[in-house]
Amino acid sequence: MENVHIAPVVGPEIESGHIRIEGDRIVSLGAGPAPEGDGDRIDGTGCLATPGLVNTHHHLYQWASQGLAQDATLFEWLVALYQVWAAMDAEVVHGAASAGLGWLALSGCTTSSDHHYVFPTGRGDLFAAEVEAAREIGLRFHPARGSMDRGKSQGGLPPDVVVEKLDDILTATQEAIDTYHDPSFSSKLRVAVAPCSPFSVSAELMTESASQARAAGVRLHTHLAETLDEDEHCVEQFGMRPVDYMEKLGWLGPDVWFAHAVHLSDGDIDKFAATGTGSAHCPSSNGRLGAGIARVSEMLARGANVGLGVDGNASSELTTMAGEMRQALLFQRARYGPTALTARQALEIATLGGARNLGRQDELGSIEVGKLADLALWRVDGAFGSAVADPVCQLVFGTSQPPLARLLVGGETVVEDDELRTVSQDAVGRAGADARDRLLRTAEELGFSAAKEVHS
(Lines give C-alpha, C1' and ligand atoms only; values in the text may rest on other atoms or scores of the structure.)
Protein backbone atom coordinates (compact mmCIF):
# COMPACT_ATOMS: atom_id res chain seq x y z
CA MET A 1 0.00 0.00 0.00
CA GLU A 2 1.59 3.30 -1.07
CA ASN A 3 0.93 6.97 -1.83
CA VAL A 4 -1.43 7.08 1.13
CA HIS A 5 -1.99 9.45 4.06
CA ILE A 6 -1.32 7.28 7.12
CA ALA A 7 -2.96 7.98 10.49
CA PRO A 8 -1.25 5.33 12.63
CA VAL A 9 -2.87 6.44 15.94
CA VAL A 10 0.50 5.90 17.62
CA GLY A 11 3.21 8.26 16.36
CA PRO A 12 3.13 11.06 13.78
CA GLU A 13 0.96 10.94 10.69
CA ILE A 14 2.59 10.44 7.30
CA GLU A 15 1.14 12.63 4.57
CA SER A 16 2.21 10.39 1.69
CA GLY A 17 3.71 7.05 2.61
CA HIS A 18 3.61 3.28 2.38
CA ILE A 19 2.65 0.28 4.47
CA ARG A 20 4.29 -3.03 3.59
CA ILE A 21 2.59 -6.28 4.53
CA GLU A 22 3.95 -9.81 4.60
CA GLY A 23 1.51 -12.56 5.47
CA ASP A 24 -0.84 -11.11 8.07
CA ARG A 25 1.66 -8.63 9.60
CA ILE A 26 2.87 -5.11 8.95
CA VAL A 27 6.58 -5.34 8.24
CA SER A 28 7.42 -1.72 7.43
CA LEU A 29 5.92 1.73 6.97
CA GLY A 30 7.26 5.14 6.22
CA ALA A 31 7.25 8.14 3.93
CA GLY A 32 7.49 7.77 0.18
CA PRO A 33 6.72 4.81 -2.07
CA ALA A 34 6.97 1.20 -0.96
CA PRO A 35 10.30 -0.53 -1.58
CA GLU A 36 10.43 -2.94 -4.48
CA GLY A 37 9.43 -6.43 -3.56
CA ASP A 38 7.05 -9.30 -4.09
CA GLY A 39 3.33 -9.08 -3.48
CA ASP A 40 0.42 -6.94 -4.54
CA ARG A 41 0.86 -3.17 -4.59
CA ILE A 42 -2.22 -1.19 -3.59
CA ASP A 43 -2.23 2.39 -4.85
CA GLY A 44 -3.58 4.54 -2.02
CA THR A 45 -3.50 7.83 -3.91
CA GLY A 46 -6.28 10.05 -2.55
CA CYS A 47 -6.85 7.78 0.43
CA LEU A 48 -6.48 7.80 4.21
CA ALA A 49 -5.20 4.66 5.94
CA THR A 50 -6.29 4.01 9.52
CA PRO A 51 -6.21 0.95 11.73
CA GLY A 52 -9.30 -1.18 11.29
CA LEU A 53 -12.02 -0.04 13.71
CA VAL A 54 -12.68 -2.21 16.77
CA ASN A 55 -16.26 -2.64 18.00
CA THR A 56 -16.31 -3.58 21.68
CA HIS A 57 -20.03 -3.92 22.38
CA HIS A 58 -22.79 -5.38 20.24
CA HIS A 59 -25.82 -7.68 20.23
CA LEU A 60 -25.90 -9.06 16.71
CA TYR A 61 -29.17 -10.97 17.13
CA GLN A 62 -30.91 -7.60 17.53
CA TRP A 63 -30.51 -6.92 13.79
CA ALA A 64 -33.76 -8.90 13.56
CA SER A 65 -35.67 -6.57 15.90
CA GLN A 66 -34.76 -3.08 14.68
CA GLY A 67 -37.29 -0.27 14.77
CA LEU A 68 -39.35 -1.64 17.66
CA ALA A 69 -40.29 0.13 20.92
CA GLN A 70 -39.01 3.35 19.39
CA ASP A 71 -39.88 5.74 22.24
CA ALA A 72 -39.08 3.61 25.28
CA THR A 73 -36.59 3.90 28.12
CA LEU A 74 -34.10 1.05 28.53
CA PHE A 75 -36.21 -0.89 31.04
CA GLU A 76 -39.42 -0.34 29.01
CA TRP A 77 -37.60 -1.38 25.84
CA LEU A 78 -36.23 -4.54 27.45
CA VAL A 79 -39.59 -5.59 28.91
CA ALA A 80 -41.17 -5.19 25.45
CA LEU A 81 -38.46 -7.04 23.55
CA TYR A 82 -37.48 -9.89 25.88
CA GLN A 83 -40.53 -11.86 24.70
CA VAL A 84 -39.69 -11.25 21.05
CA TRP A 85 -36.10 -12.43 21.56
CA ALA A 86 -37.36 -15.57 23.32
CA ALA A 87 -38.53 -16.74 19.88
CA MET A 88 -35.11 -16.60 18.22
CA ASP A 89 -33.45 -19.73 16.91
CA ALA A 90 -30.12 -20.54 15.27
CA GLU A 91 -31.42 -19.58 11.83
CA VAL A 92 -32.45 -16.15 13.07
CA VAL A 93 -29.12 -15.63 14.81
CA HIS A 94 -27.07 -16.63 11.77
CA GLY A 95 -29.00 -14.33 9.45
CA ALA A 96 -28.92 -11.42 11.88
CA ALA A 97 -25.21 -11.88 12.65
CA SER A 98 -24.34 -12.11 8.95
CA ALA A 99 -26.10 -8.84 8.19
CA GLY A 100 -24.78 -7.11 11.30
CA LEU A 101 -21.17 -8.11 10.72
CA GLY A 102 -21.38 -7.29 7.02
CA TRP A 103 -22.68 -3.83 7.92
CA LEU A 104 -19.83 -3.37 10.38
CA ALA A 105 -17.25 -4.37 7.77
CA LEU A 106 -18.67 -1.80 5.36
CA SER A 107 -18.11 0.85 8.03
CA GLY A 108 -14.41 0.07 8.47
CA CYS A 109 -14.63 -2.45 11.31
CA THR A 110 -12.13 -5.31 11.29
CA THR A 111 -12.72 -6.70 14.81
CA SER A 112 -16.03 -7.00 16.63
CA SER A 113 -17.12 -8.36 19.95
CA ASP A 114 -20.67 -9.59 20.49
CA HIS A 115 -22.58 -9.98 23.74
CA HIS A 116 -25.18 -12.72 23.28
CA TYR A 117 -27.11 -13.36 26.48
CA VAL A 118 -30.52 -14.78 25.43
CA PHE A 119 -30.54 -18.57 25.01
CA PRO A 120 -34.10 -19.94 24.77
CA THR A 121 -34.21 -23.72 25.25
CA GLY A 122 -34.64 -25.96 22.25
CA ARG A 123 -33.77 -23.30 19.66
CA GLY A 124 -30.50 -24.72 18.32
CA ASP A 125 -26.88 -23.73 18.88
CA LEU A 126 -27.10 -19.94 18.85
CA PHE A 127 -23.47 -19.37 19.78
CA ALA A 128 -22.22 -21.56 16.93
CA ALA A 129 -24.53 -19.76 14.51
CA GLU A 130 -22.92 -16.38 15.08
CA VAL A 131 -19.39 -17.81 15.08
CA GLU A 132 -20.06 -19.30 11.65
CA ALA A 133 -21.41 -15.97 10.37
CA ALA A 134 -18.22 -14.21 11.48
CA ARG A 135 -16.09 -16.80 9.70
CA GLU A 136 -18.03 -16.25 6.49
CA ILE A 137 -17.74 -12.45 6.61
CA GLY A 138 -14.05 -12.64 7.56
CA LEU A 139 -13.83 -10.34 10.59
CA ARG A 140 -11.97 -11.01 13.81
CA PHE A 141 -14.62 -12.01 16.31
CA HIS A 142 -14.83 -11.86 20.10
CA PRO A 143 -18.15 -13.47 21.03
CA ALA A 144 -18.99 -13.01 24.71
CA ARG A 145 -21.06 -15.89 26.09
CA GLY A 146 -23.71 -13.98 27.99
CA SER A 147 -26.30 -15.23 30.43
CA MET A 148 -29.22 -14.36 32.69
CA ASP A 149 -30.26 -16.41 35.72
CA ARG A 150 -32.36 -13.88 37.63
CA GLY A 151 -35.86 -13.65 36.20
CA LYS A 152 -38.87 -11.72 37.35
CA SER A 153 -39.78 -14.30 40.00
CA GLN A 154 -36.41 -13.65 41.68
CA GLY A 155 -36.53 -9.86 41.56
CA GLY A 156 -34.85 -9.49 38.16
CA LEU A 157 -36.14 -7.63 35.13
CA PRO A 158 -36.40 -10.36 32.42
CA PRO A 159 -39.30 -12.82 32.26
CA ASP A 160 -38.45 -16.28 33.53
CA VAL A 161 -38.83 -17.72 30.02
CA VAL A 162 -35.50 -16.20 28.90
CA VAL A 163 -33.30 -17.05 31.90
CA GLU A 164 -31.12 -20.13 32.43
CA LYS A 165 -30.06 -22.11 35.49
CA LEU A 166 -26.68 -21.29 37.01
CA ASP A 167 -25.13 -24.72 36.47
CA ASP A 168 -26.33 -24.84 32.87
CA ILE A 169 -24.80 -21.41 32.23
CA LEU A 170 -21.41 -22.35 33.63
CA THR A 171 -21.36 -25.62 31.67
CA ALA A 172 -22.33 -23.95 28.38
CA THR A 173 -19.84 -21.15 28.93
CA GLN A 174 -16.99 -23.59 29.54
CA GLU A 175 -17.96 -25.50 26.41
CA ALA A 176 -17.86 -22.25 24.38
CA ILE A 177 -14.37 -21.46 25.70
CA ASP A 178 -13.07 -25.00 25.10
CA THR A 179 -14.55 -25.18 21.61
CA TYR A 180 -13.82 -21.76 20.20
CA HIS A 181 -11.28 -19.70 22.14
CA ASP A 182 -8.00 -19.19 20.28
CA PRO A 183 -5.40 -17.22 22.30
CA SER A 184 -2.83 -17.04 19.49
CA PHE A 185 -1.42 -13.72 18.24
CA SER A 186 -3.21 -13.96 14.88
CA SER A 187 -6.45 -15.27 16.36
CA LYS A 188 -9.70 -14.47 14.59
CA LEU A 189 -11.78 -15.95 17.40
CA ARG A 190 -11.62 -15.34 21.14
CA VAL A 191 -14.33 -15.93 23.71
CA ALA A 192 -15.25 -13.77 26.71
CA VAL A 193 -17.49 -14.51 29.69
CA ALA A 194 -20.36 -12.06 29.99
CA PRO A 195 -23.28 -12.29 32.45
CA CYS A 196 -25.80 -9.74 31.22
CA SER A 197 -26.30 -7.05 33.86
CA PRO A 198 -26.78 -6.43 37.60
CA PHE A 199 -30.56 -6.44 37.15
CA SER A 200 -30.73 -9.80 35.37
CA VAL A 201 -28.11 -12.00 37.05
CA SER A 202 -27.42 -13.25 40.56
CA ALA A 203 -24.38 -12.33 42.62
CA GLU A 204 -23.40 -16.01 42.55
CA LEU A 205 -23.38 -16.04 38.75
CA MET A 206 -21.18 -12.94 38.70
CA THR A 207 -18.59 -14.38 41.10
CA GLU A 208 -18.62 -17.87 39.55
CA SER A 209 -18.24 -16.34 36.07
CA ALA A 210 -15.27 -14.26 37.19
CA SER A 211 -13.57 -17.35 38.64
CA GLN A 212 -14.32 -19.35 35.50
CA ALA A 213 -12.98 -16.68 33.15
CA ARG A 214 -9.79 -16.12 35.12
CA ALA A 215 -9.09 -19.83 35.37
CA ALA A 216 -9.43 -20.07 31.58
CA GLY A 217 -7.48 -16.88 30.85
CA VAL A 218 -10.33 -15.10 29.07
CA ARG A 219 -11.87 -11.68 29.55
CA LEU A 220 -14.98 -10.50 31.42
CA HIS A 221 -17.74 -8.25 30.10
CA THR A 222 -21.13 -6.99 31.26
CA HIS A 223 -23.46 -3.98 31.08
CA LEU A 224 -22.98 -1.42 33.83
CA ALA A 225 -24.25 2.01 34.90
CA GLU A 226 -26.24 2.52 31.71
CA THR A 227 -29.24 4.31 33.22
CA LEU A 228 -30.41 5.95 36.42
CA ASP A 229 -33.02 3.17 36.71
CA GLU A 230 -30.16 0.70 37.05
CA ASP A 231 -28.53 2.90 39.68
CA GLU A 232 -31.75 2.94 41.69
CA HIS A 233 -32.23 -0.82 41.23
CA CYS A 234 -28.74 -1.56 42.60
CA VAL A 235 -29.21 0.68 45.61
CA GLU A 236 -32.59 -0.88 46.35
CA GLN A 237 -31.54 -4.50 45.77
CA PHE A 238 -27.91 -4.51 46.92
CA GLY A 239 -27.54 -1.41 49.06
CA MET A 240 -24.86 0.13 46.85
CA ARG A 241 -24.31 1.76 43.47
CA PRO A 242 -23.31 -0.32 40.41
CA VAL A 243 -19.52 0.18 40.43
CA ASP A 244 -19.30 -0.48 44.18
CA TYR A 245 -21.32 -3.66 43.62
CA MET A 246 -18.94 -4.79 40.88
CA GLU A 247 -15.97 -4.09 43.12
CA LYS A 248 -17.50 -6.21 45.89
CA LEU A 249 -17.97 -9.10 43.43
CA GLY A 250 -14.39 -8.95 42.15
CA TRP A 251 -15.37 -7.46 38.83
CA LEU A 252 -12.83 -4.65 38.52
CA GLY A 253 -9.49 -5.27 36.82
CA PRO A 254 -7.47 -5.16 33.59
CA ASP A 255 -9.35 -8.22 32.25
CA VAL A 256 -12.76 -6.48 32.54
CA TRP A 257 -14.57 -4.07 30.29
CA PHE A 258 -18.07 -2.71 30.86
CA ALA A 259 -20.63 -1.58 28.31
CA HIS A 260 -21.93 2.00 28.59
CA ALA A 261 -20.65 3.27 31.98
CA VAL A 262 -22.79 6.39 31.60
CA HIS A 263 -23.56 7.22 35.22
CA LEU A 264 -20.19 7.20 36.98
CA SER A 265 -19.04 9.29 39.93
CA ASP A 266 -15.54 10.75 40.17
CA GLY A 267 -14.66 7.90 42.49
CA ASP A 268 -15.97 5.35 40.00
CA ILE A 269 -13.77 6.77 37.24
CA ASP A 270 -10.75 6.73 39.52
CA LYS A 271 -11.42 3.06 40.33
CA PHE A 272 -11.54 2.24 36.62
CA ALA A 273 -8.24 4.03 36.05
CA ALA A 274 -6.51 2.49 39.07
CA THR A 275 -7.58 -1.07 38.23
CA GLY A 276 -7.24 -0.92 34.43
CA THR A 277 -10.95 -1.57 33.96
CA GLY A 278 -12.19 -0.56 30.50
CA SER A 279 -15.49 0.63 29.10
CA ALA A 280 -17.27 0.57 25.76
CA HIS A 281 -18.91 3.90 24.90
CA CYS A 282 -22.11 3.51 22.83
CA PRO A 283 -23.29 7.07 22.15
CA SER A 284 -26.06 6.38 19.61
CA SER A 285 -27.74 3.76 21.78
CA ASN A 286 -27.42 5.94 24.87
CA GLY A 287 -29.05 8.79 22.95
CA ARG A 288 -31.78 6.62 21.41
CA LEU A 289 -32.83 5.29 24.83
CA GLY A 290 -32.41 8.64 26.59
CA ALA A 291 -29.87 7.08 28.95
CA GLY A 292 -27.52 10.05 29.13
CA ILE A 293 -24.00 10.99 28.00
CA ALA A 294 -21.01 9.09 29.35
CA ARG A 295 -18.18 11.13 30.86
CA VAL A 296 -15.73 10.01 28.21
CA SER A 297 -13.56 13.14 28.18
CA GLU A 298 -13.14 12.99 31.94
CA MET A 299 -12.45 9.27 31.85
CA LEU A 300 -9.67 9.74 29.31
CA ALA A 301 -8.21 12.66 31.27
CA ARG A 302 -8.14 10.55 34.45
CA GLY A 303 -6.43 7.63 32.71
CA ALA A 304 -9.35 5.22 32.25
CA ASN A 305 -9.48 3.32 28.97
CA VAL A 306 -12.46 3.87 26.68
CA GLY A 307 -13.34 1.94 23.55
CA LEU A 308 -16.28 2.33 21.21
CA GLY A 309 -19.32 0.17 20.54
CA VAL A 310 -22.35 0.37 18.28
CA ASP A 311 -24.51 -1.64 20.74
CA GLY A 312 -27.33 -3.83 19.47
CA ASN A 313 -29.13 -2.66 16.36
CA ALA A 314 -32.46 -2.73 18.17
CA SER A 315 -31.33 0.32 20.16
CA SER A 316 -29.12 1.95 17.49
CA GLU A 317 -30.66 1.12 14.17
CA LEU A 318 -28.16 0.80 11.29
CA THR A 319 -25.43 2.47 13.34
CA THR A 320 -21.94 2.23 11.86
CA MET A 321 -18.59 2.19 13.60
CA ALA A 322 -17.43 5.21 11.59
CA GLY A 323 -20.62 7.01 12.57
CA GLU A 324 -20.06 6.28 16.25
CA MET A 325 -16.78 8.19 16.13
CA ARG A 326 -18.73 11.27 15.08
CA GLN A 327 -21.41 10.69 17.70
CA ALA A 328 -18.81 10.29 20.43
CA LEU A 329 -17.12 13.53 19.43
CA LEU A 330 -20.37 15.51 19.23
CA PHE A 331 -21.79 14.16 22.49
CA GLN A 332 -18.66 15.12 24.41
CA ARG A 333 -18.59 18.60 22.87
CA ALA A 334 -22.29 19.09 23.58
CA ARG A 335 -21.60 18.34 27.24
CA TYR A 336 -18.15 19.84 27.81
CA GLY A 337 -17.39 22.28 25.00
CA PRO A 338 -15.56 22.25 21.64
CA THR A 339 -12.21 21.04 22.98
CA ALA A 340 -13.65 18.06 24.85
CA LEU A 341 -12.75 15.44 22.24
CA THR A 342 -10.71 15.82 19.06
CA ALA A 343 -11.12 13.90 15.80
CA ARG A 344 -7.91 12.00 16.50
CA GLN A 345 -9.01 11.09 20.01
CA ALA A 346 -12.27 9.76 18.57
CA LEU A 347 -10.26 7.67 16.11
CA GLU A 348 -8.08 6.39 18.95
CA ILE A 349 -10.97 5.20 21.09
CA ALA A 350 -12.44 3.47 18.02
CA THR A 351 -9.16 1.62 17.38
CA LEU A 352 -6.53 1.35 20.10
CA GLY A 353 -9.04 1.95 22.90
CA GLY A 354 -11.10 -0.94 21.59
CA ALA A 355 -8.04 -3.14 21.23
CA ARG A 356 -7.17 -2.48 24.89
CA ASN A 357 -10.69 -3.45 25.95
CA LEU A 358 -10.23 -6.78 24.22
CA GLY A 359 -6.69 -7.29 25.55
CA ARG A 360 -5.21 -7.04 22.05
CA GLN A 361 -3.31 -3.74 22.14
CA ASP A 362 -0.09 -5.55 21.18
CA GLU A 363 -1.74 -6.96 18.05
CA LEU A 364 -4.38 -4.47 16.92
CA GLY A 365 -5.50 -0.87 17.09
CA SER A 366 -2.58 1.04 15.55
CA ILE A 367 -0.46 0.90 12.42
CA GLU A 368 2.92 -0.30 13.68
CA VAL A 369 5.55 -2.74 12.52
CA GLY A 370 4.82 -6.19 13.90
CA LYS A 371 1.11 -5.67 14.35
CA LEU A 372 -1.57 -7.45 12.38
CA ALA A 373 -2.42 -5.95 8.99
CA ASP A 374 -5.96 -4.92 9.89
CA LEU A 375 -6.38 -1.70 7.91
CA ALA A 376 -9.10 0.56 6.57
CA LEU A 377 -8.41 2.58 3.44
CA TRP A 378 -10.80 5.53 3.06
CA ARG A 379 -11.16 7.49 -0.18
CA VAL A 380 -10.94 11.17 0.79
CA ASP A 381 -10.48 12.74 -2.66
CA GLY A 382 -14.11 12.67 -3.75
CA ALA A 383 -15.74 15.61 -5.50
CA PHE A 384 -17.29 16.91 -2.29
CA GLY A 385 -15.17 15.40 0.47
CA SER A 386 -11.91 16.73 -0.92
CA ALA A 387 -12.99 20.20 0.18
CA VAL A 388 -12.02 19.11 3.73
CA ALA A 389 -8.26 19.56 3.86
CA ASP A 390 -7.71 17.28 6.88
CA PRO A 391 -8.58 13.65 5.99
CA VAL A 392 -9.06 12.57 9.62
CA CYS A 393 -11.48 15.46 10.08
CA GLN A 394 -13.37 14.31 6.98
CA LEU A 395 -13.62 10.78 8.38
CA VAL A 396 -14.76 11.74 11.88
CA PHE A 397 -16.73 14.97 11.42
CA GLY A 398 -18.63 14.03 8.27
CA THR A 399 -22.28 13.03 8.47
CA SER A 400 -21.53 10.17 6.08
CA GLN A 401 -18.32 8.17 6.02
CA PRO A 402 -15.93 8.49 3.07
CA PRO A 403 -16.07 5.62 0.57
CA LEU A 404 -14.25 2.54 1.86
CA ALA A 405 -11.70 1.73 -0.82
CA ARG A 406 -10.34 -1.35 0.94
CA LEU A 407 -10.71 -3.18 4.24
CA LEU A 408 -7.98 -5.66 5.12
CA VAL A 409 -8.12 -8.23 7.92
CA GLY A 410 -4.74 -9.85 8.34
CA GLY A 411 -3.81 -8.56 4.91
CA GLU A 412 -6.82 -10.21 3.27
CA THR A 413 -9.45 -8.11 1.49
CA VAL A 414 -12.91 -8.15 3.09
CA VAL A 415 -14.28 -4.97 1.46
CA GLU A 416 -13.25 -3.32 -1.80
CA ASP A 417 -14.84 -0.18 -3.25
CA ASP A 418 -17.70 -0.27 -0.73
CA GLU A 419 -18.57 -3.87 -1.59
CA LEU A 420 -18.16 -7.01 0.50
CA ARG A 421 -15.80 -9.41 -1.26
CA THR A 422 -15.96 -12.43 1.07
CA VAL A 423 -19.70 -13.04 0.63
CA SER A 424 -22.54 -11.80 -1.56
CA GLN A 425 -23.53 -8.44 -0.14
CA ASP A 426 -27.11 -8.72 -1.43
CA ALA A 427 -27.49 -12.22 0.02
CA VAL A 428 -26.26 -11.06 3.44
CA GLY A 429 -28.69 -8.14 3.41
CA ARG A 430 -31.58 -10.46 2.52
CA ALA A 431 -30.54 -12.86 5.28
CA GLY A 432 -30.94 -10.07 7.83
CA ALA A 433 -34.41 -9.21 6.55
CA ASP A 434 -35.42 -12.87 6.51
CA ALA A 435 -34.19 -13.21 10.11
CA ARG A 436 -36.47 -10.35 11.18
CA ASP A 437 -39.49 -11.89 9.42
CA ARG A 438 -38.81 -15.29 10.95
CA LEU A 439 -38.31 -13.89 14.46
CA LEU A 440 -41.51 -11.83 14.52
CA ARG A 441 -43.56 -14.58 12.88
CA THR A 442 -42.33 -17.16 15.39
CA ALA A 443 -42.93 -14.83 18.32
CA GLU A 444 -46.54 -14.38 17.25
CA GLU A 445 -46.98 -18.12 16.71
CA LEU A 446 -45.68 -18.77 20.23
CA GLY A 447 -48.21 -16.31 21.64
CA PHE A 448 -45.86 -13.52 22.70
CA SER A 449 -48.19 -10.54 22.39
CA ALA A 450 -45.29 -8.09 22.56
CA ALA A 451 -44.37 -9.10 19.02
CA LYS A 452 -47.37 -7.11 17.78
CA GLU A 453 -47.39 -4.38 20.39
CA VAL A 454 -43.85 -3.11 19.79
CA HIS A 455 -44.58 -2.25 16.17
CA SER A 456 -46.46 0.86 17.25
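Q: What makes β4 count as largely enclosed by the rest of the structure?

A: Five of the five residues of β4 are buried, so the strand is largely enclosed by the rest of the structure. Buried means a relative accessible area under 20%, exposed means over 50%, and partly exposed is in between (1.4 Å probe, protein chains only). The model is predicted, so local features need pLDDT of at least 70 and side-chain atom pairs count only at pLDDT 80 or more, while totals for chains, interfaces and linings use all residues. Residues are numbered from 1 along each chain as its sequence is written, and side-chain values use heavy atoms, with hydrogens and water left out.

Q: How do you know which strands β4 pairs with?

A: Two strands pair if DSSP finds at least two bridges between them. H5 stands opposite L48 of β4. With β13 (residues 375-379), β4 pairs in the antiparallel sense over five bridges, and T50 stands opposite A376. Strands of a sheet pair through backbone hydrogen bonds, either parallel or antiparallel.

Q: Why are β3 and β16 called edge strands?

A: Eight strands form an open sheet of mixed pairing, in the order β3-β2-β1-β4-β13-β14-β15-β16. β3 (25-31) and β16 (419-420) each pair on one side only, which is what makes them the edge strands.

Q: What makes β2 and β3 a hairpin?

A: They have two residues between them, and β2 (residues 14-22) pairs with β3 in the antiparallel sense over six bridges. R20 has S28 of β3 as its bridge partner. G23, in the turn, has a positive phi of about 65°.

Q: What is worth noting about the phi of N3 and of D417?

A: Most residues other than glycine have a negative phi. N3 is not a glycine, yet its phi is positive, about 60°. D417 is not a glycine either, and its phi is also positive, about 50°. N3 lies in the segment before β1, and D417 in the loop between β15 (412-416) and β16.

Q: Are N3 and D417 buried, partly exposed or exposed?

A: The relative accessible area of N3 is 32%, so N3 is partly exposed. D417 has 53%, so D417 is exposed.

Q: Why is N313 called buried?

A: Its relative accessible area is 2%, which is under the cut-off, so N313 is buried. N313 lies in the loop between β12 (306-308) and α11 (321-336). Contact means heavy atoms within 4.5 Å. Leaving aside neighbours within four places in sequence, N313 has contacts that include H58, H59, Q62, W63 and Q66.

Q: How do you know whether H94 is buried, partly exposed or exposed?

A: H94 has a relative accessible area of 25%, so H94 is partly exposed. H94 is in helix α2 (residues 90-106). Leaving aside neighbours within four places in sequence, H94 is in contact with A129, E132, A133 and E136.

Q: What makes a stretch a helix or a strand, and how many of each are there?

A: Helices (H or I, at least four residues) and strands (E, at least two) are DSSP runs, numbered from the N terminus. By that rule the protein chain has 16 helices and 16 strands.

Q: How do you know whether the radius of gyration of the protein chain agrees with a compact globule?

A: The radius is taken over C-alpha atoms, and the globule rule is 2.2 Å times the number of residues to the power 0.38. For 456 residues a compact globule would have a radius near 23 Å; the protein chain has 21 Å, which agrees. The C-alpha atoms fill a box of roughly 65 × 45 × 45 Å along the principal axes. Buried residues make up 59% of the 456. Of the contacts with a separation of 6 or more, 75% are between residues 24 or more positions apart.
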